[in-house]
Amino acid sequence: MSLKLYYAPGACSFVPHAMLELSGAAFEPTSVKLHKGEQRSAEYLALNPRGQVPVLVDGGEVITQIVAILLHLDAKLPQAGILPAAGMGRTHALSTLMWMNNTVHPTFTHVFMPQKFTDDEAAQKAIRSFALRAYRNLLGEIEALAVRATPWLAGAQPSALDAYALTLLRWGGYAEIDPTSLPALWALAQRFAALPAVARVVERERLQLNVYQPAGA
Ligand SMILES: N[C@@H](CCC(=O)N[C@@H](CS)C(=O)NCC(=O)O)C(=O)O
């Protein structure tokens with residue numbers, strides 16, 4: 001089995017990256033530097049014409065989209081605990097995972113890259129500030145999930161939900177959201193980052209968990 005994961009430090013690819021490392025399976029992590037535009041190189045576009053991370057290459061198969069990658073890995077590496085194995089726990093976890101991917105994540109894209117949605121600079125400012133308010137509320141919803149965590153978001157084992165929650169909270173720091181203002185989520189992210197396998201990923205991606213800088217600092 002040959003698994004290769006294309007990831008960008010600090011990006012959403014952290015989710016499959018952390019889960020692969022937690023699985024204990026051998027894989028080749030390959031960094032793509034988004035700030036240098038490496039995702040738009042001819043070589044990378046040949047792999048993923050959408051120019052995005054993550055990409056998983058399993059043998060000869062190229063897989064894109066976080067949820068598809070996670071479901072593929074979950075079937076292949078059940079020991080990773082990517083989602084609960086069965087029952088309503090799995091259904092609810094999948095529901096939360098899809099919401100993080102199709103709602104919370106794109107809301108942050110509107111905050112961080114409003115230029116993807118309009119050329120008009122005034123409209124970009126308006127999109128950013130509107131999306132930022134929405135993003136705060138969405139992180140508030142994840143905080144409520146973290147308050148009820150037992151002790152992880154999907155139950156007894158750390159899962160892809162905790163990896164996504166950490167990523168979304170970290171991103172908030174780039175958008176004037178102090179992670180410590182969401183105490184249950186902040187505690188959960190710190191606990192997840194401290195798991196030895198996840199700590200290796202944090203080190204490989206050279207991530208700082210709290211990137212928040214108060215305005216004027
Ligand atoms: N829907 C995609 C979203 C992937 C995505 O948004 N990737 C971002 C990083 S978090 C990216 O590669 N951005 C590079 C760019 O847009 O140039 C998924 O679930 O995989």
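**A chat about the fold**

Mentor: Happy to! Helices (H or I, at least four residues) and strands (E, at least two) are DSSP runs, numbered from the N terminus.

Trainee: Before we go on, what kind of model is this?

Mentor: This is a predicted model, where local features need pLDDT of at least 70, side-chain atom pairs count only at pLDDT 80 or more, and totals for chains, interfaces and linings use all residues. Residues are numbered from 1 along each chain as its sequence is written.

Trainee: Thanks! Back to the strands: in which sense do S1 and S2 pair?

Mentor: Strand S1 (residues 3-7) and S2 pair in the parallel sense, over four bridges. Two strands pair if DSSP finds at least two bridges between them.

Trainee: And in what order do the strands sit in the sheet?

Mentor: The order is S2-S1-S3-S4, in an open sheet of four strands with mixed pairing. At the edges are S2 (28-31) and S4 (61-64), each pairing on one side only. From one strand to the next, the twist averages 20°.

Trainee: Which strands does H3 lie across?

Mentor: H3 lies across strand S3 (55-58) and S4, and runs at about 125° to S4. For that angle, axes are lines fitted to C-alpha atoms, for helices over the stretch in contact, and angles run from 0 to 180 degrees between N-to-C directions.

Trainee: New topic: how is the protein divided into domains?

Mentor: There is domain 1 (3-80) and domain 2 (87-195), with bounds that come from an automatic or database domain assignment. Their centres, taken over C-alpha atoms, are separated by 20 Å.

Trainee: How many residues are in contact between them?

Mentor: Nine residues of domain 1 are in contact with nine residues of domain 2. In contact means that the C-beta atoms, placed from the backbone, lie within 7 Å. On the side of domain 1 that touches domain 2, helix H1 (14-23) and helix H3 (66-76) each supply at least two residues. The largest share, five residues, comes from H1.

Trainee: What about the largest nonpolar core, how many residues does that have?

Mentor: It has 54 residues, and those with the most contacts inside it include Val-15, Met-19 and Leu-168. Such a core is a set of buried Ala, Val, Leu, Ile, Met, Phe, Trp, Tyr and Cys residues joined through C-beta atoms within 7 Å. A residue is buried if 20 or more other C-beta atoms lie within 10 Å of its own, exposed if 12 or fewer, and partly exposed in between, with C-beta atoms placed from the backbone. Helix H6 (residues 160-173) gives the most to this core, nine residues, and the core draws at least three residues from each domain.

Trainee: Which residues is Leu-168 in contact with?

Mentor: Leaving aside neighbours within four places in sequence, Leu-168 is in contact with Met-100, Val-104, Phe-108, Leu-139 and Ile-142.

Trainee: Last one: where are the cis peptide bonds?

Mentor: One joins Val-53 and Pro-54, with omega about 0°, and Pro-54 is in the loop between helix H2 (42-47) and S3. Another joins Thr-150 and Pro-151, with omega about -10°.

Trainee: And why is Arg-206 called exposed?

Mentor: Because Arg-206 has 8 other C-beta atoms within 10 Å. Arg-206 is found in the segment after H8.

Technical notes: Two residues are in contact if their C-beta atoms, placed from the backbone, lie within 7 Å.
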